[in-house]
Amino acid sequence: TKGGVMRGTLCFTLLASVLVGCADLTVSNVHDAPFIASQQMMKATVKNEGWRSAPASTTRLDIKTPSSPAFAQVATRPTPALARNQQIELDMLPFHLSQFVAVGQCIEIKVCADSANNVNEWFGGEDNNCQTKSFCRN
């Protein structure tokens, strides 16, 4: 439960005979872009694909290196409130692959919208909050 309301229940209410749904935050387009000198900026797009506006939330970036068995949180970014179908590209983390891996190795990056689970999303809507992508050092 959250605030006395069961989480995971269908997020639909009948209001003046109109069916109104919930927000649905998704992550897409996890990528790196040139930043400063040889550093890159890890970026991700958060979009509200739901029927209602989503309140401000937090987006988290986790990294899994070849030497670690699990993802570890390395950054969070505030995400502003998003209206229905609105999206924002977030600068998540300045980095250089040499911080994490040797030449020929890869890291996995996982970016999750609403990482604190504060946005009421439709039933099953939490399942699409993250996107994972690999980055390899050549």
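## A right-handed link

The link between cysteine 106 and cysteine 136 is right-handed, with 100° about the S-S bond. Cysteine 106 sits in strand 8 and cysteine 136 in strand 9, so the pair ties together parts 30 residues apart in sequence. The S to S distance is 1.9 Å. A disulfide here is a pair of cysteine sulfur atoms within 2.5 Å. By this rule there are two disulfides.

Cysteine 106 is partly exposed at 30% relative accessibility. Cysteine 136 is also partly exposed, at 39%. Buried means under 20% relative accessible area, exposed over 50%, and partly exposed in between (1.4 Å probe, protein chains only).

## Basis of the model

This is a predicted model: local features need pLDDT of at least 70, side-chain atom pairs count only at pLDDT 80 or more, and totals for chains, interfaces and linings use all residues. Residues are numbered from 1 along each chain as its sequence is written, and side-chain values use heavy atoms, with hydrogens and water left out.

Cysteine 112 is joined to cysteine 130, S to S 2.0 Å. The torsion about this S-S bond is about 110°, so the disulfide is right-handed. Cysteine 112 is buried at 2% relative accessibility. Cysteine 130 is partly exposed at 37%.

## The sheet around them

Seven bridges join strand 8 (residues 106-112) to strand 9, and the two run antiparallel. Strands are DSSP runs (E, at least two residues), numbered from the N terminus. They pair if DSSP finds at least two bridges between them. Cysteine 106 has cysteine 136 as its bridge partner in strand 9.

The open sheet has four strands in the order 6-5-8-9, with antiparallel pairing. Strand 6 (72-79) and strand 9 (130-136) stand at the edges with a single partner strand each, so one side of each has no neighbour in the sheet.
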